[in-house]
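Please look through the sequence and the model before reading the points below.

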Amino acid sequence: MKFRLEKSVELRTIYIKDGGVLVFMDGPGEIFLSVEFIHIENQGALHIGSESCRHRGNATILFRGKSYDKDYDEECGKKGLCVAAGGILEIHGKEKLSWTFLDKTLWKGQHENTITLADDVTSWEVGDRLIISSTDNDMHHAEEFITVPCSHCSPNQVKIQGLVKYNHYGDHYKGIDMRAEVGILTRNVRTRGDMEPYCYGQNWCQYFTYDTFGGHLMFLRGFERVHLQAFEVKHMGQQANLGRYPVHFHDVGDLADTKTYYPDSAYVKDLSIHHCYNRCVTVHGTSSLTVSNVVGYDTLGHCFFLEDGNEQNNTFHHNLGLVTQASTLLPTDRNKHMCMAILGAVWPGYMPAAHECTAVSTFWIAHPNNNFIENAAGGSEEAGFWFIFHEKPTGHGPGSLPPFKALRTPMGKFSKNRVHSSNYGVYIDDGVKPSEANKYKPQEYLSRQMAEYMPHKNSDVMKPRSPAMIEKLTSYKNNFGLRARGGDIYVVDSHFADNGQSVEFSSSKSFPYDAGSHQEIAHSLIVGQSDNGHHWGGRRRRDAPFNMTKIHDHWHDRRRLETSYNMTEMSGNDTYKMLMNETDTNHIIAERADVGLTHAASRMTGVDIQEGPVIIKDCHFADFWSNNVAITFSRRTPGQMSVLNAASKLKFGHHINRFSLGPYPNSDGDQTRLVHDRDGSLLGYTDSYIVNKNNWLTRHIGCMENWDCKCVICKGKYGSLFIRANPEHYKTLKIWRHEVPEKPLSLAGVVMGTGAMQRVEYHPNIIRNKGYLLSWDWDLPHDIVVYPVAFDKGDYASIGLCIKDLHAFSVFWELEKRGCGNSTVIVKSERYLEGNSWEEMNSMTNRFFVDSETGMLFFKVTARYGRTGYDYCSEKGCERLHFTYRGSSPMQDCIWKTFTKYKWSDVPGKTVPNLTVRKSGTHPAGHDTPGQLRPHTGYPTWSQTTKATTFWSMMTPTVTFTTDEVSLPLSSWPPRITGSLWTTPLVRRVTTGTASRHSGGLKTVKPRKHPSRVKEADAQNPYMSQQTTFPWRNRGRIQNPYI
């Protein structure tokens, strides 16, 4: 039976089945259908327009019902529409452009504005409601407006009515597109829920003052066609009910399966979903669906939602999500306060931690094999795009995929997406708990937990890695622009601006089980602070509201202070710090605290390296001034810091803080920081390594200290040792390099496992082909495994252990098979034999030597096979030395007896490169040519003619050199300074001069009232008489690399 609905009507339920058809008549008036529930199945069909004949009139379906009403259907619930097996739903509203961009900045304070847009918007009509996104850090600065008649507007202009409360950026900055998105909310065909004016019943009214029990649309497995196009979805979704979403494809299966579905049997296009209470579009147990040109605004919970972790080959194209807010439904929907208050599903007595929740996202991606192209996420309490990795499918999905399949699957296409005004822009990390709470794992089902993403070809860890590609991403005004853990993950051709941290990479911490993954950012532009709104772009606490007004004023107070002393680019200078301390800045810090910010949070960084390997190449950094820095390391890294971190082909804008090694806390990873400056484009020294100045496992006497990065610059061959031990008690490991007995490195280690399986892991970075002594607090562990990490064939490290029972041990070389998960499979083993001397041991690969005089056991860890790329291990497997000990505690004075006997000397195999000065050339500050060395930046030079100290200033774009080309060998650098004030090798501060404002490239510091205290430097270095001028980055210190 077929019915044509010609006028408005109120009904209780509608069942359309067995070939029945309901068609909305198209005409000039509005048809308003008020109903509690609609069910469509078995060739039943509901039509509002068609693909070839769009519905031009106005049509509305209003869903009635209360949360306490009885369900009409066990699977489909109440207050909604359900399409079951064999059902057909066709909704096709009038064509309208879904969303576009501002093409000119919209300024706050005006009541009527003609806005200029990037596209033709003649399809938009007078009276339509628009949403203009925030373009600052606060997503709630998105604003709604009504269009009004405009006789003078061009096709890409409309006139809006209403007071503009916030600025909305409509421009590019240095090529970065930070224009506000503008979406249409009004459609001629509408579905919406009938709402109460207040919250009621069991709907978590302690969090929501308004009614959150809306309508829902649900589509079940086996439908014949579901085509949703160009209609409005408002007040939909049931906030407290699982499975009741505005648009929900529920366990549909693979739409590409031709045995079940026709080609193109379902799509979602051009929808306007807004003011909804439980997501936007949910793709649950469904694959091969296309969702495009959908606007989702002001919604609760994950907006575009992949649910169980088995959804694949779906395509999300050109969708817009704005103002995604926390909800109560799942742990990952909740904010911190909800997380710690909703305890019904945790084990009794357990209090959840915030990190088990706090993940609400505009795009929640539960399986990596899906496509996201040209989407925009314009504001979420947590993340714009969150890739979450299921250990196994959850919900209705268990058994649909093998365990760990999603964790190994390559990423689908992720290209030309944009994200802003969120806590995290893109987040690639973590999984969800696949089991209910129990005594041993008390967390709630589906709460966040650790996961390790390691994509491989065909999801097989025994096959080559398959990098996840993040292409052409634009990320701005987020606390964290992109955070990714695992590998391999590549970010290419992307833009970042105004983020607290633009990019942070963390390793999967899976060595030796995935020994060689890495992360990479290439061909990208990273800007510290743009001219977009002049808002301070630092981070906020998650639980604090965005409020930048106070920060805006105080930030400019501080900038005026800096400018008045001509020290804008000198945030690390002692004089600058003195001026800042003498100025009353307490009110600034206090106001930051009021809006959820801390003083430390004001720092903005470009790329943060957490563990690595991280590769930064062919990137441009700009506008990292004041206390911001382009490249740095994350703080408090407890575990491994990769020796393969590297940078090359970098470009920097003028007056930029390029690199900082960061503070020196005692965490193991913080002490072992290291990055390879391959071509000198980072700090000016080709094929050099930047290391922690306090770590003498990686520092040697040929290194040069650099005060700008609080680091030393070294040359050499570097590697790592992965040491796994089973001490009876948690102990600190001390490591000495043979040549530096007075500078051991102490590592706390990382505890892994529990009970009898407990191990402690240590990850020191070292200089390859050197010797090291190891000692633990209290007893020597009875089982120690040492892996050589990132060693090339033939490289070695000599290891010394103190033992007391000289024959109660064994040493084996072993070859471990790669890719065996948490198990260890040894494919080859060889016992070490005893040598007659330390020299014999050191000349062979399979010998140990016991020095009975000192109580020291020596053996070598040698790489017998070659490795490729960023692999930590050899191509044959992971080589390791396995030491077992069955004796008693070693002698306490073993270490010092050994150093007294052997007296190793530190003779560096390589030194930092000679300093080359080009004849009569100019050197553009901040724009280094790859491979061309910059003159050393660590020392002042002393002019013999002016009898004053001359410094190079970073305030000028070029430096002119007037000498013939010369090479300064390490032996003659730094110049030896004599006199009562300057003495080598001491480091002293320049306190005898005063800085004056200048306009030239050289800054002269003149003596104060007592010039007798500053004696003229002796001309011991012959090059100093040529008035050679070297850059010195405003640091008022003389430094010596030998200290």
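The model is predicted. Its protein chain holds eight helices and 82 strands. Of the 1043 residues in the protein chain, 61% are buried.

**Whole chain**

- The protein chain exposes about 39,300 Å², and carbon and sulfur atoms supply 50% of that area.
- Counting contacts between residues at least 6 apart in sequence, 74% join residues at least 24 apart.

**Aromatic rings**

- The whole structure contains 46 aromatic pairs.
- Trp 813 belongs to strand S69 (residues 809–816), while Tyr 865 is in the loop between strand S73 (856–862) and strand S74 (878–885), and the two residues are 52 apart.
- Trp 813 has a relative accessible area of 1%, so this residue is buried.
- Trp 813 also has a charged neighbour: the charged end of Arg 864 sits over its ring, 4.1 Å from the ring centre.
- Phe 858 and Tyr 902 form an edge-to-face pair, because their planes are at 75 degrees, with the ring centres 5.6 Å apart.
- This pair ties together parts 44 residues apart in sequence, because Phe 858 lies in strand S73 and Tyr 902 in helix H8 (residues 894–902).
- Both partners are buried: Phe 858 has a relative accessible area of 0%, and Tyr 902 has 18%.
- Phe 858 and Tyr 902 are part of a cluster linked by ring pairs, together with Trp 736, Trp 838, Phe 849, Trp 896, Phe 899 and Trp 904.
- Elsewhere, the charged end of Arg 279 sits over the ring of Phe 305, 3.9 Å from its centre.

**Helix H8**

- The buried residues in H8 are Cys 894, Ile 895, Thr 898, Phe 899 and Tyr 902.
- These residues cover an arc of only 130 degrees around the axis, so they lie on the same side of H8.
- As background, an α-helix has 3.6 residues a turn, so residues three or four places apart point the same way.
- The elements covering the buried residues of H8 include strand S61 (733–737), strand S66 (770–776), strand S68 (796–802), helix H7 (838–843), strand S72 (847–851) and S73.
- Lys 903 follows H8 and has a positive phi, near 50 degrees.

**Asn 765**

- Asn 765 is in strand S65 (residues 765–767) and is buried, at 0% relative accessibility.
- A polar atom of the Asn 765 side chain lies 2.8 Å from the backbone oxygen of Thr 672.
- Beyond residues up to four places away in sequence, Asn 765 touches residues including Met 641, Val 643, Thr 672, Leu 674, Leu 697 and Gly 719.

**Asp 608**

- Asp 608 is in strand S49 (residues 605–609) and is buried, with a relative accessible area of 4%.
- The side chains of Asp 608 and Thr 605 are joined by a polar contact of 2.4 Å.
- Leaving aside neighbours within four places in sequence, Asp 608 is in contact with residues including Gln 501, Glu 504, Phe 505, Thr 632 and Phe 633.
- The C-alpha atoms of Asp 608 and Ala 630 are separated by 8.6 Å, with the residues 22 apart along the chain.

Terms used
Residues numbered from 1 in each chain as written. Predicted model: local features only at pLDDT ≥ 70, side-chain atom pairs only at ≥ 80, totals over all residues. Heavy atoms only, no water. Phe/Tyr/Trp six-rings, centres within 6.5 Å; stacked < 30°, edge-to-face > 60°. Helix = DSSP H or I, 4+ residues; strand = E, 2+ residues; numbered from the N terminus. Buried < 20%, exposed > 50% of the residue type's maximum accessible area, 1.4 Å probe, protein only. Lys NZ or Arg CZ within 6 Å of the ring centre and 35° of its normal. Polar contact = N/O pair within 3.5 Å; in protein donor to acceptor, adjacent residues only side chain to side chain. Contact = heavy atoms within 4.5 Å. Areas by Shrake-Rupley, 256 points an atom, 1.4 Å probe, with all protein chains shown as cover. Arc of directions from axis to C-beta.
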